[in-house]
Amino acid sequence: MIGTAGDTIVALSSGRVPSAIAVIRTSGPAATAAAAAVAGPLPEPRRASLRALRDSAGALIDRGLVVFFPGPDTATGEDIVEYQCHGSKAVVEALIAALSAQPAVRRAEPGEFTRRALTNGRIDLTQAEGLAELLDAENEVQRRSALLRAEGGLRRQVEEWRAILLAMSAEAEVAIDYADEEDGGHAFDPADRIAALLASIDLLLRAPRVERARDGVRLVVAGPPNAGKSSLVNALAGEARAIVTHIPGTTRDLIEVPLSIGGVPVTLVDTAGLRETGDTVEAIGVDLARGAIGRSDLLLWLGVGHDAPDHPRLLQIASKADLEPRGDGLRVSVVSGEGLDEVRAWIIDQALPILPSSEQPGLNAREAILVEDCRKALERAQRLGDPVMLAEELRLARASLDQVSGHSGVDSLLDALFGRFCLGK
Ligand SMILES: Nc1nc2c(ncn2[C@@H]2O[C@H](COP(=O)(O)OP(=O)(O)O)[C@@H](O)[C@H]2O)c(=O)[nH]1
Ligand SMILES: [Mg+2]
């Protein structure tokens, strides 16, 4: 494990050089002494000051802004000094070299700043993971869900449950201590509180998972051959992604097109037309199409209503509305554009409830397993009358939550998580 307290770390925290401006951060007890050596007198806390930045021989490296954030009220919980200089490779390298040449200063490992924030209790593991998600965010749903977690949305929820569990455990201990006494004045009956806790846990377990924000919803376009499926996929994608011809059986493979529709991440899937066919390749395509329909979140169906697959979120579309006088469902034409806005609005409307929201924090796969463990312990506790056994289940429930927050049993996970971060974060 890296990040032993004591040394001071330095890294480029802004993006890839060359850039207009680069931000270099130092964090740790020697950050201020290093700043004095490289940039002269320390500026007032949280005030940007222009300074000459010099190497150990006193030669000018660059002139830049220096900001001092005194610990412990900082991102890492330590003293931080930040340097904003010209973003060339040479300036950045020379400044980092000058800083890391100072006593007790070394270059940071990827994610080490955030790791210190975690070690020093500035954030918990759900927030560190939220930050990792925020740094990876490529769409609005992801950004909002990640921000909610980074800001402590899940942390507060978990801490609230933990406090309730801790209070019940304390009462269980009292009940155990007084179990042999005659008066029975220490009856311990947490059934109602456990039921309330389970209800709140179930709400979180049922909320859309974090990973959903990244992968988006799978929207499959299906129907008989020549119905206009590939044309609709191209119209929604805004470019020709799938081959369109008048020949039935043109599309054989699944064609996946990642898109953002009104900020909602969607994987649009074009499929082979469903029909009985003697063509071996097309028959494989039809099987793939049926599989894709089964795994889809949303389905645009371009066939007649009574052939529609059983699906909870299906939109019946009457395609080629410019040609056909009428058909089943929403009239859509890729030629006139009729109905396309309605299709987009339907997609957004159906997708939002299955994606993480900006109000209710979601769980990631790791957290979901642990919260499920907590839930199972509480369910067992609910059936127990003996305070000794009850106390043990409550302890197990709490231990699972402690792993969610990163307070225990997660060392190997931390190495994996922080390895994902960019250098300087
Ligand atoms: N007039 C008109 N023709 C369409 C429309 N959509 C598709 N077509 C035509 O119908 C034929 C089959 O379209 P295609 O998208 O390949 O159907 P698929 O087999 O379901 O993928 C092609 O000749 C398209 O140009 C539409 O909205 N209006
Ligand atoms: Mg097609």
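An oxygen atom of ligand 1 sits 2.9 Å from a polar backbone atom of Gly228. Keep in mind that this is a predicted model. Ala227 also takes part: one of its backbone N or O atoms is 3.1 Å from an oxygen atom of ligand 1. A side chain joins in as well. In Lys320, a side-chain N or O atom lies 3.1 Å from an oxygen atom of the ligand. How much of ligand 1 does the protein cover? On its own, the ligand has 580 Å² of accessible area, and the protein covers 84% of that.

Who else is around it? There are 15 residues around ligand 1. Those that come nearest are Asn226, Gly228, Lys229, Ser231 and Asp322.

Next, the metal. Ligand 2 is a magnesium ion. Are they buried or exposed? Both Ser230 and Thr251 are buried.

Stay on α9, which runs over residues 229-237. Asn234 is in this helix. Its relative accessible area is 12%; the cut-off for buried is under 20%, so Asn234 counts as buried. What does its side chain reach? One of its polar atoms lies 2.8 Å from the backbone nitrogen of Ala242. Leaving out residues up to four places away in sequence, Asn234 touches Glu239, Ala240, Arg241, Ala242 and Val244.

The Gln142 side chain comes to 2.8 Å from the backbone nitrogen of Glu138. Beyond four places in sequence, Gln142 touches Asp136, Ala137, Ala213 and Arg214.

Last stop, helix α6, residues 153-177. Several α6 residues are buried, among them Leu154, Val158, Trp161, Leu165 and Met168. An α-helix has 3.6 residues a turn, so residues three or four places apart point the same way. What do the buried residues of α6 pack against? Their partners are α4, α5, α7, α12 and α13.

Terms used
Residues numbered from 1 in each chain as written. Chains lettered and ligands numbered in written order. Predicted model: local features only at pLDDT ≥ 70, side-chain atom pairs only at ≥ 80, totals over all residues. Heavy atoms only, no water. Helix = DSSP H or I, 4+ residues; strand = E, 2+ residues; numbered from the N terminus. Buried < 20%, exposed > 50% of the residue type's maximum accessible area, 1.4 Å probe, protein only. Polar contact = N/O pair within 3.5 Å; in protein donor to acceptor, adjacent residues only side chain to side chain. Contact = heavy atoms within 4.5 Å. Donors = N, O, S within 2.8 Å, 3.2 Å for Na, K, Ca; no water. Near = heavy atom within 4 Å. Areas by Shrake-Rupley, 256 points an atom, 1.4 Å probe, with all protein chains shown as cover. Expected span 1.5 Å × (residues − 1).
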